[in-house]
Amino acid sequence: MRLINCEDTNNLFLIERFGGNIPPYAILSHTWGQDHDELTYKDMIEHTGQDKPGFQKIKFCAEKACQDGLGYVWIDTCCINKDSSAELSEAIISMYRWYRDAAKCYVFLTDVSITSEGTTKSRIWEPAFRDSRWFTRGWTLQELLAPEIVQFFSKEGKEIGDKESLGSVIQAITNIPAQALDSHSIFQFSISERMAWTLNRNTKREEDKAYCLLGLLEIFMLPMYGEGQEHALKRLQDQINKQRHIIESEQTPIDELSNESIASWLQPAAVEEDLLELLNLRHGSTCLWIFGQAEFDEWKTGGNAVLWLHGKPGSGKSVLTATLIDRLRTEGRIIAYFFCKLGDDTKNTLESILRTWLWQILEQLPEYRQLVLQHKQRGPAIRTLLEAVKEALKEIASKTMKHIFLVVDGFDECESGPLSAEKLLMFVSALGDNISLALTSRPESRIIKAIYPRMQDNCFEIVVTNDATREDLNGWIRACIDRMGLSDFDLECSAIRQLEEGADGMFLWARFQLETLEAQFAVEDAREVLRNELPKDLEATYGRLLLAIESNVSALHRARAFRILQWITAANRPLTITELDFALGIQIDSDVSPKERWLMRGSMDVINACGSFVEITRPGHIRFVHASAREFLRKR
């Protein structure tokens, strides 16, 4: 979640927070003016836009939050990078939760005025309040209902009242029952009742008529701008019908059919976060080359087909896989996917792949929940969980008439043993003609051994070569250099030339060099980086990163960095900052656990110590930037 730090209202800037590391914040509810009048994400990054009319709302919100003892605010106009479709989708899906979790919601009404002559007590403002455009907009419905504290302000910034004190007026304007205005009571009302509250409300983009209801109806559905209002509402209704199908089932008690019951049994991996993260990394229209490959078309239209995408480390295979998944989902296909992660026991076994696939299929085909619960109820005494999951997948595949696409990325990072690839291919091939599998990996011998015997039988191969990705990679490098603003045309040209020539098809290599360039304080420093010979490959790049740690003048800094890397390498899953800090305090020769105290101030201390070896995920976990980084350090 991206927030505005407003501790100094004369110096507003954006920060990012993840998972449980989100501080108390205020949130703004308002109606948009013309797009060019509103402060944007780009304005916040470049510290521009203070002359825009919309800046006054930002200033008001920041000052009010400070008065209320809150150091952060969230505002939809400038806290979302709307150039990223993945980030916009994530924001829309999270919007209800963000408003619900806000300490306070400030409603800024630009069409309600309280002059110096009038007061809030005289209620001269009430006719304008009742006619306010704010009550006619689609998105403001959840902004009214989700937060616990909602305060209304005039365009001069004078407080009119809050959701509780203005309850009877709001009820008369909206026809929403007083009980529903309590944020804890909304879901006691039926879906039909909640949908009725949206009557006479409009949205600027036609698809938002459906998307603005997702949180209120407890529906998970990815936005697809361009699908049109009719199609968006139809998809929403389909999701509602699936939900009703579960609730109205008479064969099994409601609690047994609940998501929690099946989820607690299957324990699916959190791969949706991985998908959104990878789609955020994708630049512009990159990765589209794969959809022009004849092998892709044959795989997509063929029955019981296997598609193998492979290439060297850092060549962008995972982002390519995410793009493939996104395309299939946009087309309305039934798709289950998985991203293997070396060093994360929840994301690197054959069992975790199949469990997660089954969970995702049930989300799209809820009519088979009853079938799966029957497999669950037979108990572990007869069969292992893996066997039960396999049987459930086989039964669904044999009964459904729909084509199901299964995707697994980074299969070379799966640690279920050398036969895992062969076992997976044998299992999927036995599921039937309505199942297609896509695998992404490095061309390791164990995977080649499993794949090649099947190359004559509906198995297709796409190699991620330098030629295939050159246009994407060069375009991304140029865009990154342009964003740096080096202010020297010759330097920019030199940087682009050297990076394009040295990348050798590796996005990850280019990313490391770009991060090094961006970290320089002056143009001359950047020029010096380019004068020195760039590392020739990932191995050489990791060598330089390690050398930078070893060369630090502070012995304490060096020791701390190596200790962090040792713990991350040894851990069987990504660590939180709290877990890592605890681990750093353990003394090898002591039987006593470390007392409660902090050795690090936050996740940025880890980045500062270890450089580009590690990254912080959106949920706030610390992990290696790539499997190849872990492998490099293991060898050392």
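**View 1. Burial and stacking of Y542 and F613.** In this predicted model, Y542 and F613 are both buried. Their ring centres lie 5.8 Å apart with the planes at 20°, so the pair is classed as stacked. Y542 belongs to helix α24 (residues 538–550), while F613 is found in the loop between α27 (603–610) and β14 (614–616); the pair therefore ties together parts that are 71 residues apart in sequence.

**View 2. The edge-to-face pair of W299 and F405.** The structure contains 22 aromatic pairs. In the pair formed by W299 and F405, the ring centres are 5.3 Å apart and the planes stand at 65°, so the arrangement is edge-to-face. Because W299 is part of helix α13 (residues 294–301) and F405 is part of strand β10 (residues 404–409), the pair ties together parts that are 106 residues apart in sequence. W299 is buried, with a relative accessible area of 0%, and F405 likewise counts as buried at 0% relative accessibility.

**View 3. An aromatic cluster.** W125, F129, W134, F135 and F152 are linked into a cluster by ring pairs.

**View 4. Arginine residues over aromatic rings.** R205 is positioned over the face of Y225, at 3.8 Å from the ring centre. The charged end of R327 sits over the ring of F291, at 3.9 Å from the centre of that ring.

**View 5. The surroundings of H310.** H310 is located in strand β8 (residues 306–310). With a relative accessible area of 8%, H310 is buried. Leaving aside residues up to four places away in sequence, H310 touches K317, S441, R442, P443, E461, I462, V463 and V464.

Technical notes
Residues numbered from 1 in each chain as written. Predicted model: local features only at pLDDT ≥ 70, side-chain atom pairs only at ≥ 80, totals over all residues. Heavy atoms only, no water. Helix = DSSP H or I, 4+ residues; strand = E, 2+ residues; numbered from the N terminus. Buried < 20%, exposed > 50% of the residue type's maximum accessible area, 1.4 Å probe, protein only. Contact = heavy atoms within 4.5 Å. Phe/Tyr/Trp six-rings, centres within 6.5 Å; stacked < 30°, edge-to-face > 60°. Lys NZ or Arg CZ within 6 Å of the ring centre and 35° of its normal.
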